[in-house]
Amino acid sequence: MLAGTASVRALIAAGALVAATATAASAQTAPDAAPPTQAEPVAEDTEIVVTGFRASLESAVAAKKNLNQVVESISAEDIGKLPDASIAESIARLPGLTSQRVSGRSNSISIRGFAPDFSTTLLNGREQTSTGDNRAVEYDQYPAEIMSQVLVYKTGQATLIGQGLSGTVDLRTVRPLDYGRRAIVLGGRGTYADLGKLNAGSTDKGYRVSGTYIDQFADDTIGVALSANYLDEPYQIQEFNAWGYAGVNGNQAVIGGSKSYVTSTQLKRLGLSGTLQYRPDPNLTVTVDGFFSDFNDDQTKRGIELPLGFGDGFNDPARPETVRLTGATANGDGFVTGGTFNNVEGVVRNDSFERKAKLYSFGYNMAWRGDDGWNATFDASYSKTDREEVILESYAGTGYGANVGAKDTIAFTSGENGTRFTPTLDYSDPNLILLTDPLGWGGSNLQAGYFNDRIVKDRIAQYRFEVEKELDGFLGAVKAGMNYTDRDKSLTPDEALLALSGGLRQLRIPDQYVKEPTSLGYLGLGPMLSYDPRELLADGVFTLIPNTSLDVPAKAFRVAEDVMTMYVQADIDQEVGAALLTGNIGVQAIATEQKSSGLVASAGTLQPVTRGTDYWDVLPSINLSLRLPGDFVIRAAAARQVQRPRLDDMRVALAYGYNLTNRVIEGSGGNPYLRPIRSNSYDLTFEKYFGRAGYLAAQFFYKDLKSFVYNQQIAFDFSAYPTPTGTPPGTTTDGFANVPINGEGGNIYGVELATTLPLGTIVSFLDGFGVTGGGSWTKTQIQPTPGAPAEDIPGYSKWVLNGTAFFEKWGFSARGSARYRSTFIGELSGFAGNRQRRRALDETIIDAQIGYEFQKGTALQGLSLFVQGQNLTDERFATVDPRYDLAVIDYQSYGRRYLAGASIRF
């Protein structure tokens, strides 16, 4: 469907009045640079060399100043050396950006109050597949050591293919011919997690090693860049999780249950990157590059699941054998802060989660820059991700089925850090805790756990051709091009019941599999029986019984997209009195065809179906920068932007199951007819630069969302669907389904203040000291639910602040950094990888680093050493039920991490 012509005309008209910037953001051409408005004098006989973190900041300032879009930038301090240990941590320090921690590490980015779904990530200007179910890239797939620069484009332009609505992140690797000299860099670091070895078999120490080689041959007509990185690091987590809060005593609320774990993660990743450039003629450059990542995230999760206020028959006077609450005390809000639960039947959980992913990315680029002003570029790329996610749950308790084994009497206190328990049973006693189905979750099936294998495949093929004519006068150049992107993503589930071999209902765990007890002391639960369920499955103690319920294949989906983008852009370069006006105006016309294949229930059976739609979008944009004397720059931008829906929201199938908490059949499905989220976006910025050394900026933005994708829960009759596993007899088929639909949008707007300021430019005796950072305030007026008041969208924080203070001189460097984000709606992953949205509390993360680089002329020239501390205040990640101040849903402690390392350059 063609975008509204009235909106297009309005944007073009507005574009004639606003000022902004633009650059060709493709892998094949370097960003257009605007000439400085005035020379920066340097004495002819003086060589000023700035290295390290200050050099990184100067490169970032130069990129922001010279590019014609509103952009934030990170540059490597040296080859293989971004300012932080991970890409996401570096990006999260940029103005208007922040991250959400998952398993203790930052791996997704929110830009300007939007969730990661609203931005896109490119590698050398090309779209990339993802290891998640959606489009959003998980940054821990990419080693920081292979990146030379990260650009975050906050405004759109016609030549930027695959751009996101909130922003576009372009990860860039080094180009050897542009680098222009030989470099050999080796690096390594050790890591220590101060929470210790929380699970038997885990470790609290790890390491990372890397190497990079860059060189040029044949009179600088051939360039080679090779990089390798290997990481083997632990992450330890203490988790509290509440099922929710149940009603009790009329108008009070008490914890409904606990599903808390200690989690030990061992992250291993091999990253390889290579680039070959050939320049047989000064006008012709051919570039071939590739990237490979082999990623293994292996988690051991051990804990005790306690059915409490949501337990079957809770406080039912007709069923005295069920869970009962006594001695309850409540605060003025009606929140129960303490008491005792009786007749509790806990489920001892020894679970494993293993995620393996291989990512391949290849590109070919041929660029011709003619002496007559005619330039042409052809680019082809292929990105592929194969991911397998195996989740293995195992259960143990005091007897098979409810009301059979020993029951516990547990005192508890609930507060701002979650709930602490005082049990009477010894959950580490192998004579008491047996492999079984303690609560009869399997119904008539003999079940002692569950196996879930999710296989995801993602493919992108992209082809692009562009021609450019350089001009003299008001228009500096005109570009026209075409891009074709073919994407295919699929999910295939494989699920099974985990049962004891030989048809046993319960079994004392054989001694050879019993490991050192796991301490749940932080919850008050003491030690618990520990074993590795994978060992028991491999040795035949457990066996898998395929889950033949038709609700399993109904979860599968395949989504295919064909996107053709045609664009034209005129670059502007004109002196206006003493100022210089640069920028561009252009338009994209995008034709999209999308199809989704899957299984849909009909009369108790599943039938394969394919559904889809096609539509057009027309996206005009204008970016202008007025570069004034005194190093002042005023920018403004207007653009029509789109964000295509989540890929898993476009699935045709409906996944469903029995909800134990709500005791109803619930489902969630996709919508293959979804259209993009569309926005008219405007930016206005004021910037003051201090040469290349620093800047001050105030950046204002406004996004008028003309449409939105929201999830609507509707009443749904599941009578035509096969009964899901675990549904008790007599359960009604009238349930609920949650499906995404297109609806009205709203607006989101805000202001970002940013600076990089070497203090030596102000006071000479502070030479070497400096600060960099920024803050943003964002306001949302988006109504995800029709007819309801505006509410926060996932990823939205009203306030985001970050800052770094540093000193760097004489080879010595020291810096401390802080990141703050106010409360937000976070997305967590539940069983089967399902998304769960919860209100996360605000957080402040403190990091610090010191280092020394041996100077030129010394025996150890080229060697640098560093020590770094992360999350020094042990900041928690917490989510809450907003109805009560103390109703904590998640409380996760990641501990502090300490790193020490070295690199040497030859």
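I worked on a predicted model, where local features need pLDDT of at least 70, side-chain atom pairs count only at pLDDT 80 or more, and totals for chains, interfaces and linings use all residues. Residues are numbered from 1 along each chain as its sequence is written, and side-chain values use heavy atoms, without hydrogens and water.

**Entry 1: salt bridges.** I searched the whole structure and got 63 salt bridges (a side-chain nitrogen of Lys or Arg within 4 Å of a carboxyl oxygen of Asp or Glu). I looked up Arg 349 and Glu 393, whose closest N and O atoms are 3.1 Å apart. Arg 349 lies in strand S15 and Glu 393 in strand S16, so this pair ties together parts 44 residues apart in sequence. Strands here are DSSP runs (E, at least two residues), numbered from the N terminus. Both Arg 349 and Glu 393 are buried (under 20% relative accessible area, with exposed over 50% and partly exposed in between; 1.4 Å probe, protein chains only).

Next I took Asp 312 and Arg 319, a salt bridge with closest N and O atoms 3.0 Å apart. Asp 312 is exposed at 53%. Arg 319 is partly exposed at 27%.

**Entry 2: Ser 679.** I found Ser 679 in strand S31 (residues 677-690). Is Ser 679 buried or exposed? Ser 679 counts as buried, because its relative accessibility is 0%.

Terms used. Helices (H or I, at least four residues) and strands (E, at least two) are DSSP runs, numbered from the N terminus.
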